[in-house]
Amino acid sequence: MQAFVRGIAAAAVMGLSACGSNQLMNIETGQNSPDEFAILPTRPLSMPPDLALLPAPTPGGANITDPNPNADAVAALGGNPARLSDQGIAAADGALVAHATRRGTDPAIREKLAEADAEWRSRNKRRPLEALFGTTVYQRAYRPLALDSQAEQQRWQRAGAITQTSPAPAEE
(Lines give C-alpha, C1' and ligand atoms only; values in the text may rest on other atoms or scores of the structure.)
Protein backbone atom coordinates (compact mmCIF):
# COMPACT_ATOMS: atom_id res chain seq x y z
CA MET A 1 0.00 0.00 0.00
CA GLN A 2 2.84 2.31 0.87
CA ALA A 3 4.43 1.76 -2.58
CA PHE A 4 1.11 2.66 -4.20
CA VAL A 5 0.92 5.96 -2.29
CA ARG A 6 4.52 6.79 -3.19
CA GLY A 7 3.75 6.07 -6.85
CA ILE A 8 0.73 8.39 -6.77
CA ALA A 9 2.78 11.09 -5.02
CA ALA A 10 5.59 10.82 -7.58
CA ALA A 11 3.09 11.04 -10.43
CA ALA A 12 1.47 14.10 -8.83
CA VAL A 13 4.85 15.85 -8.37
CA MET A 14 5.83 15.15 -11.99
CA GLY A 15 2.43 16.29 -13.22
CA LEU A 16 2.60 19.54 -11.28
CA SER A 17 6.17 20.22 -12.36
CA ALA A 18 5.01 20.09 -15.98
CA CYS A 19 2.75 23.07 -15.26
CA GLY A 20 5.70 25.38 -14.59
CA SER A 21 6.77 27.97 -17.13
CA ASN A 22 9.46 26.98 -19.56
CA GLN A 23 11.35 30.14 -20.40
CA LEU A 24 13.83 28.32 -22.61
CA MET A 25 11.18 27.54 -25.22
CA ASN A 26 9.60 31.00 -25.19
CA ILE A 27 11.82 33.27 -27.28
CA GLU A 28 9.82 36.37 -26.34
CA THR A 29 10.38 35.94 -22.60
CA GLY A 30 11.92 39.05 -21.12
CA GLN A 31 12.04 40.83 -24.46
CA ASN A 32 11.09 44.49 -24.15
CA SER A 33 12.89 45.73 -27.24
CA PRO A 34 11.91 45.65 -30.91
CA ASP A 35 12.61 42.56 -32.96
CA GLU A 36 15.66 43.37 -35.06
CA PHE A 37 14.71 40.80 -37.68
CA ALA A 38 11.37 42.50 -38.39
CA ILE A 39 13.06 45.65 -39.65
CA LEU A 40 14.14 45.68 -43.29
CA PRO A 41 16.41 48.45 -44.52
CA THR A 42 15.06 50.64 -47.29
CA ARG A 43 16.95 51.56 -50.41
CA PRO A 44 18.81 54.88 -50.27
CA LEU A 45 16.94 57.92 -51.53
CA SER A 46 18.12 59.15 -54.89
CA MET A 47 17.03 61.71 -57.45
CA PRO A 48 15.76 60.11 -60.66
CA PRO A 49 17.14 61.42 -63.95
CA ASP A 50 13.65 62.45 -65.06
CA LEU A 51 10.78 63.15 -62.66
CA ALA A 52 8.28 62.16 -65.37
CA LEU A 53 9.52 58.57 -65.05
CA LEU A 54 8.26 58.26 -61.48
CA PRO A 55 5.17 56.11 -60.99
CA ALA A 56 1.96 57.71 -59.80
CA PRO A 57 1.59 57.58 -56.02
CA THR A 58 -0.76 54.87 -54.79
CA PRO A 59 -2.11 55.19 -51.24
CA GLY A 60 -1.25 52.02 -49.40
CA GLY A 61 0.85 50.83 -52.33
CA ALA A 62 4.55 50.17 -52.54
CA ASN A 63 7.16 52.90 -52.60
CA ILE A 64 10.12 52.66 -54.98
CA THR A 65 12.46 52.71 -51.97
CA ASP A 66 10.62 49.86 -50.21
CA PRO A 67 12.57 46.61 -50.08
CA ASN A 68 11.40 43.82 -52.36
CA PRO A 69 13.45 40.73 -51.50
CA ASN A 70 11.88 38.58 -54.26
CA ALA A 71 12.64 41.12 -56.99
CA ASP A 72 16.14 41.66 -55.58
CA ALA A 73 16.80 37.91 -55.71
CA VAL A 74 15.51 37.66 -59.29
CA ALA A 75 17.70 40.61 -60.33
CA ALA A 76 20.73 39.12 -58.57
CA LEU A 77 20.25 35.88 -60.49
CA GLY A 78 20.06 37.71 -63.81
CA GLY A 79 16.28 37.68 -64.26
CA ASN A 80 13.79 40.45 -64.95
CA PRO A 81 12.10 41.60 -61.69
CA ALA A 82 9.28 43.24 -63.69
CA ARG A 83 8.02 39.77 -64.63
CA LEU A 84 7.05 39.15 -61.00
CA SER A 85 4.14 41.60 -61.20
CA ASP A 86 0.76 40.50 -62.50
CA GLN A 87 0.56 41.63 -66.11
CA GLY A 88 -2.73 39.98 -67.02
CA ILE A 89 -3.14 37.08 -69.40
CA ALA A 90 -0.15 36.41 -71.63
CA ALA A 91 -0.71 36.48 -75.37
CA ALA A 92 0.30 32.84 -75.63
CA ASP A 93 -2.50 31.88 -73.22
CA GLY A 94 -5.22 33.91 -74.91
CA ALA A 95 -6.60 30.98 -76.91
CA LEU A 96 -6.69 28.76 -73.83
CA VAL A 97 -8.58 31.38 -71.79
CA ALA A 98 -10.99 32.02 -74.67
CA HIS A 99 -11.75 28.31 -74.94
CA ALA A 100 -12.18 27.88 -71.18
CA THR A 101 -14.57 30.85 -70.96
CA ARG A 102 -16.52 30.13 -74.16
CA ARG A 103 -19.71 29.39 -72.19
CA GLY A 104 -19.25 32.25 -69.75
CA THR A 105 -17.91 32.45 -66.24
CA ASP A 106 -19.58 32.52 -62.86
CA PRO A 107 -18.35 35.41 -60.68
CA ALA A 108 -19.65 33.64 -57.54
CA ILE A 109 -17.82 30.37 -58.22
CA ARG A 110 -15.59 30.64 -55.15
CA GLU A 111 -18.56 31.12 -52.83
CA LYS A 112 -20.44 28.22 -54.45
CA LEU A 113 -17.43 25.91 -54.17
CA ALA A 114 -16.84 26.90 -50.53
CA GLU A 115 -20.50 26.17 -49.78
CA ALA A 116 -20.39 22.81 -51.57
CA ASP A 117 -17.14 21.90 -49.80
CA ALA A 118 -18.60 22.80 -46.39
CA GLU A 119 -21.64 20.65 -47.15
CA TRP A 120 -19.39 17.76 -48.30
CA ARG A 121 -17.28 17.99 -45.16
CA SER A 122 -20.40 18.06 -42.96
CA ARG A 123 -21.44 14.70 -44.49
CA ASN A 124 -17.90 13.28 -44.06
CA LYS A 125 -17.13 14.31 -40.49
CA ARG A 126 -14.49 12.82 -38.28
CA ARG A 127 -15.13 9.48 -36.72
CA PRO A 128 -14.97 9.32 -32.90
CA LEU A 129 -11.38 8.04 -32.75
CA GLU A 130 -10.27 10.56 -35.39
CA ALA A 131 -11.78 13.36 -33.30
CA LEU A 132 -10.25 11.99 -30.11
CA PHE A 133 -6.73 11.84 -31.54
CA GLY A 134 -7.08 14.99 -33.68
CA THR A 135 -6.25 13.30 -36.96
CA THR A 136 -7.18 14.75 -40.31
CA VAL A 137 -9.93 13.23 -42.41
CA TYR A 138 -8.89 14.99 -45.61
CA GLN A 139 -7.56 11.91 -47.43
CA ARG A 140 -10.49 9.72 -46.40
CA ALA A 141 -13.13 12.33 -47.20
CA TYR A 142 -11.77 13.24 -50.62
CA ARG A 143 -10.61 9.77 -51.73
CA PRO A 144 -13.60 9.24 -54.07
CA LEU A 145 -12.77 12.51 -55.85
CA ALA A 146 -9.04 11.84 -56.33
CA LEU A 147 -7.46 10.85 -59.63
CA ASP A 148 -5.19 7.85 -59.95
CA SER A 149 -2.13 9.55 -61.43
CA GLN A 150 -0.64 6.40 -62.95
CA ALA A 151 -3.92 5.36 -64.56
CA GLU A 152 -4.37 8.88 -65.98
CA GLN A 153 -0.80 8.90 -67.32
CA GLN A 154 -1.35 5.59 -69.07
CA ARG A 155 -4.71 6.71 -70.44
CA TRP A 156 -3.19 9.84 -71.97
CA GLN A 157 -0.19 7.97 -73.35
CA ARG A 158 -2.42 5.33 -74.96
CA ALA A 159 -4.46 8.14 -76.50
CA GLY A 160 -1.28 9.39 -78.18
CA ALA A 161 -0.47 12.37 -75.95
CA ILE A 162 3.22 13.26 -75.78
CA THR A 163 4.50 12.94 -72.22
CA GLN A 164 8.16 13.78 -72.50
CA THR A 165 8.94 13.77 -68.78
CA SER A 166 7.41 10.39 -68.00
CA PRO A 167 8.39 6.95 -69.23
CA ALA A 168 6.54 5.22 -72.02
CA PRO A 169 3.71 2.91 -70.94
CA ALA A 170 4.58 -0.69 -70.29
CA GLU A 171 3.70 -3.00 -73.13
CA GLU A 172 0.97 -5.42 -72.16
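Helices (H or I, at least four residues) and strands (E, at least two) are DSSP runs, numbered from the N terminus. This is a predicted model, where local features need pLDDT of at least 70, side-chain atom pairs count only at pLDDT 80 or more, and totals for chains, interfaces and linings use all residues. Residues are numbered from 1 along each chain as its sequence is written, and side-chain values use heavy atoms, with hydrogens and water left out.

Q: What makes up the pattern of the protein chain?
A: Along the sequence it reads α-α-α-α-α-α-α, with seven helices and zero strands.

Q: Why is the pair of Trp 120 and Tyr 142 called tilted?
A: Rings of Phe, Tyr and Trp (its six-membered ring) pair if their centres lie within 6.5 Å; planes under 30 degrees apart count as stacked, over 60 as edge-to-face and the rest as tilted. The centres here are 6.3 Å apart and the planes sit at 35°, so the pair is tilted. A search of the whole structure turns up one aromatic pair.

Q: What parts of the chain does the pair link?
A: Distant ones: Trp 120 belongs to helix H4 (residues 109-123) and Tyr 142 to helix H6 (residues 138-142), 22 residues apart.

Q: Are Trp 120 and Tyr 142 buried or exposed?
A: Buried means under 20% relative accessible area, exposed over 50%, partly exposed in between (1.4 Å probe, protein chains only). Both Trp 120 and Tyr 142 are buried. Across the protein chain, buried residues make up 5% of the 172 residues.

Q: How many contacts in the protein chain join residues at least 24 apart?
A: Contact means heavy atoms within 4.5 Å. Among contacts between residues at least 6 apart in sequence, 15% join residues at least 24 apart.
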